[in-house]
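Please study the sequence and the model before reading each solution.

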Amino acid sequence: MAKEVTFSVTVRDAVGNVSVVDARGAVDEPPIIDHVIVDPPMVPSGGLARVTIIARDPENDALSFEVRASEGTMEGTSDPNVFLWRAP
């Protein structure tokens with residue numbers, strides 16, 4: 001859930017008249033990565049592992065995923081949170 005922020009705004013003119021109003025805003029919080037599952041966790045050279053990201057957004061915003069590997073290649077699947085890693 002977004003964090004609510006309250007603003008208190010005061011405006012004064014040169015004569016000393018004052019107006020005060022409260023306003024509200026919100027901070028959209030970042031997504032939370034709960035788990036990254038690599039299955040199997042060890043593969044032979046040229047082998048494939050499935051990388052699944054379990055994540056959520058506090059405000060239920062839609063998520064997109066990107067995975068990069070320091071070696072080997074990554075490819076997406078029909079599931080936006082699931083990738084295939086081919087070991088070098």
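**Exercise 1. Classify R68 and E66 as buried or exposed, and state how they interact.**

Solution. Step 1: R68 and E66 are both exposed, where exposed means over 50% relative accessible area, buried under 20%, and partly exposed in between (1.4 Å probe, protein chains only). Step 2: the two residues form a salt bridge, with their closest N and O atoms 3.2 Å apart. A salt bridge is a side-chain nitrogen of Lys or Arg within 4 Å of a carboxyl oxygen of Asp or Glu.

The model is predicted: local features need pLDDT of at least 70, side-chain atom pairs count only at pLDDT 80 or more, and totals for chains, interfaces and linings use all residues. Residues are numbered from 1 along each chain as its sequence is written, and side-chain values use heavy atoms, with hydrogens and water left out.

**Exercise 2. Give the order of the strands in the open sheet, and explain why one side of β3 and of β5 has no neighbour.**

Solution. Step 1: the open sheet has 4 strands in the order β3-β4-β6-β5, with antiparallel pairing. Two strands pair if DSSP finds at least two bridges between them. Step 2: β3 and β5 (73-76) are at the edges and have a single partner strand each, so one side of each lacks a neighbour in the sheet. Step 3: from one strand to the next, the twist averages 25°. (Axes are lines fitted to C-alpha atoms, and angles run from 0 to 180 degrees between N-to-C directions.)

Step 1: consider the individual pairs. β3 and β4 run antiparallel and are joined by 7 bridges; I37 stands opposite T52 in β4. β5 is joined to strand β6 (residues 82-86) by 4 bridges, again antiparallel, and T73 has R86 in β6 as its bridge partner. A hairpin is formed by β5 and β6, with 5 residues between them.

**Exercise 3. Describe the surroundings of D57.**

Solution. Step 1: D57 is in the loop between β4 and β5. Step 2: D57 is buried yet has no salt bridge, and the nearest side chain of opposite charge, R56, is 9.2 Å away. Here Lys and Arg count as positive and Asp and Glu as negative, while His and the chain ends are not counted. Step 3: apart from neighbours within four places in sequence, D57 is in contact (heavy atoms within 4.5 Å) with E29, P30, P31 and L63.

**Exercise 4. Identify the peptide bond between D39 and P40 as cis or trans.**

Solution. Step 1: omega is about -5°. Step 2: the bond joining D39 and P40 is cis. Step 3: P40 is located in the loop between β3 and β4.

Terms used:
Helix = DSSP H or I, 4+ residues; strand = E, 2+ residues; numbered from the N terminus. Polar contact = N/O pair within 3.5 Å; in protein donor to acceptor, adjacent residues only side chain to side chain.
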